[in-house]
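I set out to record what I looked up in this model, entry by entry.

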Amino acid sequence: MTLETPTVEMHPQRWGDPAAATELPESARGLVELAFGLQDRPATPGTPPATALDESLLDGVREIVGAEHVLVDDETRALRTRGKSTPDLLRARAGDLTDAPDAVVRPDGHVEVAAVLAWADEHRVAVVPFGGGTCVTGGLAARRQGFAGLVSLDLVRMKRLLAVDDVSMTATLQPGLRGPEAEALLAEHGLTLGHYPQSFEHASIGGFAATRSSGQSSAGYGRFDAMVVGLTAATPTGSLDLGSSPANAAGPDLRQLLLGSEGAFGVITSVTVRVRRTPEVTTYEGWRWPSFDAGSDAMRALAQAGLLPTVVRLSDESETAINLADPSSIGGADDAGCLMITGYEGTAEQVTARRAAVTAVLDGLGGAALGEEPGQKWLHGRFDAPYLRDSLLDHGVLVETVETATFWSNRERLYAEVKAALLGALGEGSLVLCHVSHVYETGCSLYFTVATRQAEDPLAQWQVAKAAASDAMIAAGATITHHHAVGTDHKPWLAQEIGEVGVRMLRAVKAEVDPGGILNPGVLIP
Ligand SMILES: Cc1cc2nc3c(=O)[nH]c(=O)nc-3n(C[C@H](O)[C@H](O)[C@H](O)COP(=O)(O)OP(=O)(O)OC[C@H]3O[C@@H](n4cnc5c(N)ncnc54)[C@H](O)[C@@H]3O)c2cc1C
């Protein structure tokens with residue numbers, strides 16, 4: 001089964017569907033002016049450098065995918081330049097398209113992908129797999145030095161639901177399906193994946209797998225890597241077809257080696273994922289906690305009792321106050337405390353039972369129930385923040401996020417030290433907000449959002465803060481990334497996390513599957 005709808009292209013200098021772009025809302029304008037002052041920072045258009053690949057070389061790849069699927073025009077190449085982190089947007093807004101690919105190649109199916117890799121290997125052309133282009137870690141800005149050129153391997157034509165097994169509750173999906181497209185195809189079978197990262201509307205199935213993404217409903221549906229039971233991948237030295245059973249003891253799990261490999265080991269050409277029935281009932285609600293510590297302890301209690309809702313997230317005091325700064329919001333900022341969102345999805349029976357059990361625990365721990373209004377508000381606004389980032393950048397406010405994870409016993413330290421590092425680097429008047437975004441029995445993920453007045457060079461300004469936050473994460477014994485992956489931005493810290501032997505293992509796999517080093521050079525592997 002396939003989809004006929006065209007993929008919505010994001011604006012090269014902004015997030016999301018250009019038709020959904022918004023101005024800074026009037027209600028926020030005054031607050032922003034007060035906090036940071038308003039500046040006018042318009043974007044400058046840019047043009048990619050001329051393509052480095054000559055026509056005779058491109059003829060070889062045209063024979064594989066068809067001439068109409070090898071694109072060298074400036075507009076298409078601009079759309080495949082880097083991802084959507086704030087540094088990526090700042091570079092794009094400055095008209096810097098120096099990382100543009102020399103060509104965009106659109107294969108259809110595993111066989112064509114494998115043939116393109118063989119062509120690239122033979123001609124020393126670097127290949128960057130491209131899913132949705134929502135990467136926030138520099139994973140689409142591969143190194144081109146030492147190569148004849150660089151192509152973006154755009155998987156946009158690979159948008160089929162290949163198989164559904166509703167006895168085993170699995171579905172096999174091609175990598176180019178965007179989140180909503182995959183959900184629409186599964187919904188025709190009464191099924192859902194339940195994977196809703198904030199980038200859901202534009203990110204792809206292959207990208208979710210290649211970055212080990214985690215969605216907002218991870219407490220109920222799990223991380224994306226936990227959903228994958230099988231995958232196929234093409235490498236320059238051959239193909240992999242993994243996952244002949246739900247679990248096995250056949251040596252280390254090679255599926256896990258490909259998940260999170262960010263295009264450096266191979267191109268994921270299909271994934272078989274565990275699916276669930278489309279929920280009959282969905283309910284989202286809010287809780288208030290007197291402090292971030294109290295709310296975090298409640299989350300831990302739920303996780304350790306095996307009583308997690310489908311969605312559970314907790315804003316710290318600053319993030320709660322900022323949310324409440326919207327006059328249409330619930331409550332008053334004075335007694336805001338910390339806002340928790342809980343959500344339940346499933347059959348009516350499952351939702352009733354889980355909601356009652358969770359409510360009893362949260363009541364018992366001192367949470368104040370706020371009813372469904374905050375839950376609905378979160379649900380309807382949950383994909384809006386990246387659009388707001390664009391409006392803030394237009395007005396000279398620097399906004400970016402960092403994320404990490406640790407064990408419960410280390411949560412307080414990690415929170416305090418990353419926050420202090422960000423505030424220290426960005427200076428007086430900056431805002432650092434945080435929420436607990438994903439929880440496990442043993443620990444949780446912390447997601448920080450910063451906002452500050454843009455300096456003359458906002459890119460350099462952010463790089464100092466990013467380095468300080470990353471150093472603080474590693475110093476606190478936490479991970480450099482819970483779900484954004486490594487790319488090029490987190491690479492300088494990876495060796496400290498996985499150790500020298502870990503780095504050698506990654507390099508050894510790379511050398512074996514991609515001896516020419518054409519796949520995403522410079523990404524992931526230190
Ligand atoms: C506003 C915003 C919000 C976000 N929210 C979340 C969130 O809530 N949770 C979360 O986990 N992430 C989030 N992200 C990060 C990003 O959306 C994820 O990393 C996502 O999984 C990337 O998917 P993609 O299809 O866009 O991949 P791309 O950006 O196209 O690629 C990401 C990396 O994977 C490689 N790759 C892509 N497809 C394949 C393939 N088929 N085979 C091999 N390699 C491949 C690329 O070369 C690149 O290195 C967010 C990003 C933004 C901009």
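Is L524 buried or exposed? I find L524 buried, because its relative accessibility is 6%; buried means under 20% relative accessible area, exposed over 50%, and partly exposed in between, with a 1.4 Å probe and protein chains only.

**Entry 1: basis.** I note that this is a predicted model, in which local features need pLDDT of at least 70, side-chain atom pairs count only at pLDDT 80 or more, and totals for chains, interfaces and linings use all residues. Residues are numbered from 1 along each chain as its sequence is written, and side-chain values use heavy atoms, with hydrogens and water left out.

**Entry 2: positive phi.** I looked up L524 again and found a positive phi of about 70 degrees, although L524 is not a glycine. L524 lies in the segment after α18 (491–513); helices (H or I, at least four residues) and strands (E, at least two) are DSSP runs, numbered from the N terminus. I then turned to R124, another residue other than glycine with a positive phi, here near 55 degrees. R124 sits in the loop between α5 (110–123) and β3 (125–130). I class R124 as partly exposed because its relative accessibility is 35%.

**Entry 3: salt bridges.** I counted a salt bridge where a side-chain nitrogen of Lys or Arg is within 4 Å of a carboxyl oxygen of Asp or Glu. By this rule the count comes to 26 salt bridges.

I looked up D394 and R14, whose side chains meet in a salt bridge at 2.9 Å, N to O. This pair links distant parts of the chain, 380 residues apart: D394 belongs to helix α15 (residues 385–394), and R14 to the segment before α1 (26–36). D394 counts as buried because its relative accessibility is 17%.

I next examined R80 and D154, which form a salt bridge at 2.9 Å, N to O. Here R80 is in the loop between α3 (74–79) and α4 (86–93), while D154 is in strand β4 (residues 149–154), 74 residues apart. Both R80 and D154 are buried. I also noted that R80 and D154 belong with E9 and R106 to a network of salt bridges.

My last pair was R82 and D96, with a salt bridge at 3.1 Å, N to O. R82 is in the loop between α3 and α4, and D96 is in the loop between α4 and β2 (103–105), 14 residues apart. R82 counts as buried because its relative accessibility is 4%, whereas D96, at 25%, counts as partly exposed.

**Entry 4: helix α15.** Why is α15 largely enclosed by the rest of the structure? I find that 8 of its 10 residues are buried, so the rest of the structure largely encloses α15. Among the buried residues are P386, Y387, R389 and D394. The buried residues of α15 pack against α1, α4 and β16 (397–407). Just after α15, I found G396 with a positive phi of about 80 degrees.

**Entry 5: nonpolar cores.** I took a nonpolar core as a set of buried Ala, Val, Leu, Ile, Met, Phe, Trp, Tyr and Cys residues joined through side-chain atoms within 4.5 Å. The largest has 68 residues, and L193, I205, F224 and V273 have the most contacts inside it. A second, separate core of 48 residues includes Y344, V432, V439 and A472.

Conventions:
Contact means heavy atoms within 4.5 Å.
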